[in-house]
Amino acid sequence: MRHSKPVLSAAGKIAVKNLSPIFVIACLLITFKPVAHAVPSYSRQTGLPCATCHFAPPELTPFGRKFKLDGYVFTTKPEVTDEKKGHNAALAILEAFPLSVIFDASFTETKSPQPGTQNGNFLFPQAASLFLAGKWASHVGSFVQVTYDSQGDHFSWDNTDIRYANATSVFGKPLSYGVMFNNNPTVEDLWNSTPAWGFPFTGSNVAPGPTAGALINGGLAQDVAGVGAYGMWNEHIYLAGTIYRSEHIGGAQPNAGTGFGINIRGVAPYWRVAYQTVKENNSLEVGMYGIHVKSTPNAVTGPEDSFTDWAADFQYDRTIPQFNNDVLSFRGSYIRENSSLAGTIVDTGNGPGAAFTRHHLNTLQGNVEYHYGTKLSGTVGLFGVNGTPDPILFPQAAVTGSANGDPRSNGYILNLSWWPQQNIDLAVQYTGYWRFNGLQTNYDGAGRDASANNTVYLLARFVF
Amino acid sequence: MRLISRVVAASVSIGFLTLTLTGVVSAQNDAEKIYKTNCVLCHAPDGSGSSPSGKALKAEDLRSELIQKKTDAELAAAITNGKGKMPAFGKKLKPDQIAQLVAYIRALPKK
């Protein structure tokens, strides 16, 4: 089972505490890097190899999706049980505690060093995670992650998905349904075309990344708490909805909003609808999802920003019997964010945070991956972001800024993963930029070109 | 006196029949519960293997002649030890539960 965990770097933490709200969002989007996880305690619980649930971790097979849909509770292993009799409650807990570990070590080098810093950085570890992942009780299971981030030098609460699941029949067709608690919009999703579990499944948290990104594309990860419900009817129609509130792990409670760019006013509704069809060698999903957030930057009262994200996604997996059941996967998504920055534009003493109230942002990404058995997988991905230019929202700054206030970035990612064992991932990844924060050359006004951020990333991941 | 004997005999018979039927229904319910908990994920509620995960893993149709012509011992062994991509359930399910499951599988073609 894979986890896409945006790692908040030290720079991100500083930004959260001290800087203007929109810059905070920008920094979060720069410093949140997806980290993918698969969890062996599920394998120990089910008695099945990783490859039953994953084409390559974290990409879910139809079996893996059903395992998640059913609340992570399927097991073939001994349990401590007691029958529900009269006024006595039942019991069904695993004999083995569902604990897992991931250890990531990495190396990152950009084409040109970031000014005044070392290029070619080893992180040992980049991150290490502990998981409580498996069956808690009848119909209740979890994916709970705590991660040590070497840049922050501390453990922090990470992606969490706790769910109750059950099944019934509606109109003569099976309905799997459940209630869930989670801290990251799309972490509950079943496919790898949505942000929490999307490509790239792992990445450097040292190299610079484009400043602009939609809020649902990792901007709320681990900073919100939500409760929701979902259902899969007739194995085809998937509906899910969650409402979120700001949580601000690490911040003072009750939340005063100070120092945080996003303080959800009321609740933020997240919605998801998808259609899937699975044949013997083909699996297709098309869907939509989105979120609406009203937020007051740095406070819990006052003028509000408003963000509405609409997204469409698809995933197609083709098993090729002629090639020993190798799998070819296609995934894509488009996110449209419309925002009104009525809160950010207000001058609170440090100047306004934006030049205009109305903004939009388009995010397009697609990738194709070939799985050579369970030993190798190669992926080619394209990505692009564009939207409303704003010289205050996207200010000029060395490396991370934009000389022309344009959020446009685009490029490609090539990834090759070798799995000598199903729980060891040795990966090499290359990220290339055609345009970075608005321009191809001298994009930051300090003489840095987009291609200077081209990145080679090596990863050794051990999962046990 | 004769009437009383008949009433008592009838009551005993009804009681015995009720207990017997309750036991049968209870066993069926137990078997169905075991099936739903452990087998539906791949083999689907009707045993056809037509669930998405069943299709992807090419799970057998439990109603098919191929499966139904196997002996009870063969079916029990497959459940206990696993077969192909199917995991072993021998450490989780007790022998009497596996026997109930075999009986439930036998009844699937008639449902």
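A:Ile243 touches A:Ala225, A:Gly226, A:Val227, A:Val267, A:Ala268 and A:Pro269, leaving aside residues up to four places away in sequence; a contact means heavy atoms within 4.5 Å. This is a predicted model, in which local features need pLDDT of at least 70 and side-chain atom pairs count only at pLDDT 80 or more, while totals for chains, interfaces and linings use all residues; side-chain values use heavy atoms, without hydrogens and water. Residues are numbered from 1 along each chain as its sequence is written, and chains are lettered from A in the order in which they are written.

**Confidence**

- Chain A has a mean pLDDT of 90, and 92% of its residues reach 70 or more; pLDDT is the predictor's confidence in each residue, from 0 to 100.
- Over residues 1–36 of chain A the pLDDT is below 50, yet this stretch has 134 contacts in the model beyond near neighbours in sequence.
- Where pLDDT is low, the predicted coordinates should not be read in detail.

**Strands around A:Ile243**

- A:Ile243 lies in strand β9 of chain A; strands (E, at least two residues) and helices (H or I, at least four residues) are DSSP runs, numbered from the N terminus.
- With a relative accessible area of 40%, A:Ile243 is partly exposed; buried means under 20%, exposed over 50%, and partly exposed in between (1.4 Å probe, protein chains only).
- From A:Ile243 to A:Val224 the C-alpha distance is 9.7 Å, across 19 residues in sequence.
- β8(A) and β9 (residues 237–246) of chain A pair in the antiparallel sense over 10 bridges, where pairing requires that DSSP finds at least two bridges between the strands.
- Within this pair, A:Gly228 stands opposite A:Thr242 in β9(A).
- The hairpin of β8(A) and β9(A) has three residues between the strands, and A:Asn234 takes a positive phi near 60° there.
- β8 (residues 224–233) also pairs with β7 (residues 173–182) of chain A, in the antiparallel sense over eight bridges, and A:Asn182 stands opposite A:Gly226 in β8(A).

**Chain B**

- Chain B has six helices and zero strands.
- Of its 111 residues, 30% count as buried.
- Among contacts in chain B with a separation of 6 or more, 42% come from residues 24 or more positions apart.
- Chain B exposes about 6900 Å², of which carbon and sulfur atoms supply 64%; the areas come from the Shrake-Rupley method with a 1.4 Å probe.

**Nonpolar cores**

- The largest nonpolar core has 36 residues, and A:Phe63, B:Tyr35 and B:Ile79 have the most contacts inside it; such a core is a set of buried Ala, Val, Leu, Ile, Met, Phe, Trp, Tyr and Cys residues joined through side-chain atoms within 4.5 Å.
- Two or more residues each come from α5 (62–69) and β4 (121–137) of chain A, and from α1 (2–38), α2 (40–43), α5 (72–81) and α6 (95–107) of chain B.
- α6(B) gives the most to this core, with five residues.
- Residues touched by A:Phe63 include A:Cys53, A:Phe74, B:Leu41 and B:Cys42.
- Another core, of 23 residues, lies apart from the largest one and includes A:Leu220, A:Ile262, A:Tyr270 and A:Ile291.

**Cysteines**

- The structure holds zero disulfides over all chains, a disulfide being a pair of cysteine sulfur atoms within 2.5 Å.
- A:Cys53 is in no disulfide, and the nearest cysteine sulfur, in A:Cys50, is 8.7 Å away.
- A:Cys53 counts as buried at 11% relative accessibility.
- The sulfur of B:Cys42 is too far for a bond, because the closest cysteine sulfur, in B:Cys39, is 9.2 Å away.
- B:Cys42 also counts as buried, at 16% relative accessibility.
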